[in-house]
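Me: I have a model open and would like to know what some of its labels rest on. Can we go through them in turn?

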Amino acid sequence: MKKIATGNKAVAEAVKQVVPAVVAAYPITPQTEIVEQIAEFVTSGELKSRYIAVESEHSAMAACIGASITGVRTFTATSSHGLLYMHEMTNWAAGARLPIVMANVNRSLGPGWNIWAEHTDAMQERDTGWLQVYVSTVQEAYDAIIMAFRIAEHHDVLLPVMVNLDGFLLSHIMQPLDTIEPGDFIPPLSLPYAIDVTNPAGYGGLTGPDQHFKFRWDIERSMRDSVTVIEETEKEFAKRFGRRYGFTENYRCEDAEIIIVSLGTLGKETEVAIDLLRKEGIRAGSMRLRWLRPFPDLSLLKGKQVVVIDRDYSFGRGGILATEIVAQTKEDVFSVIAGLGGQEVTYEDVADFVRKRRVGTEFWFGVNANV
Amino acid sequence: MFEIRIHSRGGQGGVTAARLLALAAIHDGKYATAAPFYGAERRGAPIVSFVRIDETPIRVYSQIKKPDMVVVLDASVMDVVDVLQGLKSGGKVLINSQQKKEFAGYAFCNVDLTGIALREKLVVSGSPILNTPVIGALAKMGIVSVDSAKKAIREMFTDERNVKVAEAAYQELIV
């Protein structure tokens, strides 16, 4: 059905289709519309879920963990400081192997107080054992939420999935949305080790130095296995619903000498920059990274001049995406830091990054210097 | 790509107008996006919303700097904001006003959207509804079709007076 929706509304619509047993969430700008809409669906009876209005994000994740561990589907949504407030519990969710799905509306971290788009919030959850996907359109946000449940709940994965959408740029823009009936694309959840509340027992005993590393390795093994599960899920989604995604979205990369790597909405804006550069005779292409965890194989970048745009930063080290890419390709990149705290970045700016590229250096957009 | 910037004050329906316009354009078989610009504004402060309409999917997320058209829902913002900033030469201007104004080099139209809303007593929380009549005016200017405009309004509002004010604005606007 032809609709128009914001990114936030699309997330709520997707959750409605998948029917989690429990949604526990706390509102925060710019995510609020997601939880408001879900609460409305529950109140009107359109969504048969239990909505738990918790007192904090830490509690939201704790409630999802408590519910999920009994073998039911759970969902939450947050942003920025809310995500960081969950941090202890996000580690717990992954460690307990719970297929919780969360929408994170990417927003910067204060102070200075700022409610606009930045990826540093999600990047600080990078090492928790959550799968992370970044989306660039309202439709993709909707599709990614639906696929996230199937991926998380697959027995080869059993890890939580975070779907990231840019604050305001995507959470509040209105774009066309085709909704679907997932049907048996989302099979009923069956957790292999659910707690039976009618037969109480003690769990979570100490895992000593002779055991703990095995659990850690098991997370990593599932993370590696999730690559195949993601590929199969996206393939099956394309077969059933006609929209194909991948680990990266590549645009005019086939004959490109220069490839710009970015995340989220900047990846779409970059495609326009590519068209502009091509007209000038600059053979550039765009690679929009979708999955950050598991980190995809980026061998396509080998031997190319690579420009990485980071809407995030690790102080004392560099752009987080750039650092990850250099670690994998073993080649230098031109690292651009742009869009922090919602800093306006246009396709003309992106084209300019390419024209002024100096591989092996870092460039802070708006700071007027290579640093 | 056709780019429209809508000027209004917080709470006047500029965001909904952008959304209605994008929805109508989609019903016309086009691609469209509507994006409010979120700053630190509050109710009553001047705000802008952006609408992009194209034949192909829209990949631009940054703000509209050089619009093809400017819509002003509240003429009083013109005292504090240069609404014509960046407007392409020959660009269209639609202003909610009883008075005719001229701007050299631009295709200018005005219509009394406030008067139309008040006539139909289409007032919410003391403010006349401007977002539905303005869609009628935009249909008259050929931005969207009349059928799609009405369809979009009916999808978002159950009160049929919203269609009536759009029709009135369509009739009263002289292009």
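Predicted model: local features only at pLDDT ≥ 70, side-chain atom pairs only at ≥ 80, totals over all residues.

Me: What makes β5 and β7 of chain A paired strands?

Reply: Two strands pair if there are at least two bridges between them. Strand β5 (residues 101-106) and strand β7 (residues 161-166) of chain A have six bridges, in the parallel sense, so by the cut-off of at least two bridges they count as paired. Within this pair, A:A103 stands opposite A:V163 of β7(A).

Me: Which strands make up the open sheet, and in what order?

Reply: Seven strands of chain A form the open sheet, in the order β3-β2-β4-β5-β7-β6-β12, and the pairing is mixed.

Me: Why are β3 and β12 of chain A said to stand at the edges?

Reply: β3 (50-53) and β12 (291-293) of chain A each have a single partner strand, so one side of each is left without a neighbour in the sheet. On average, neighbouring strands of this sheet are turned by 20° against each other, direction ignored.

Me: Which strands does helix α2 of chain A lie across?

Reply: Helix α2 (residues 32-44) lies across β2, β3, β4 and β5 of chain A, and runs at about 135° to β3(A). Helix α3 (residues 57-68) of chain A lies across β2, β3 and β4, at about 165° to β4(A).

Me: How do you know that domain 1 of chain A touches domain 2 of chain A?

Reply: Residues are in contact if their C-beta atoms lie within 7 Å. In chain A, 26 residues of domain 1 are in contact with 20 residues of domain 2. On the domain 1 side, α8(A) gives the most, with five residues.

Terms used: Residues numbered from 1 in each chain as written. Chains lettered and ligands numbered in written order. Helix = DSSP H or I, 4+ residues; strand = E, 2+ residues; numbered from the N terminus. Axes fitted to C-alpha atoms, helices over the stretch in contact; angles between N-to-C directions. Contact = placed C-beta atoms within 7 Å.
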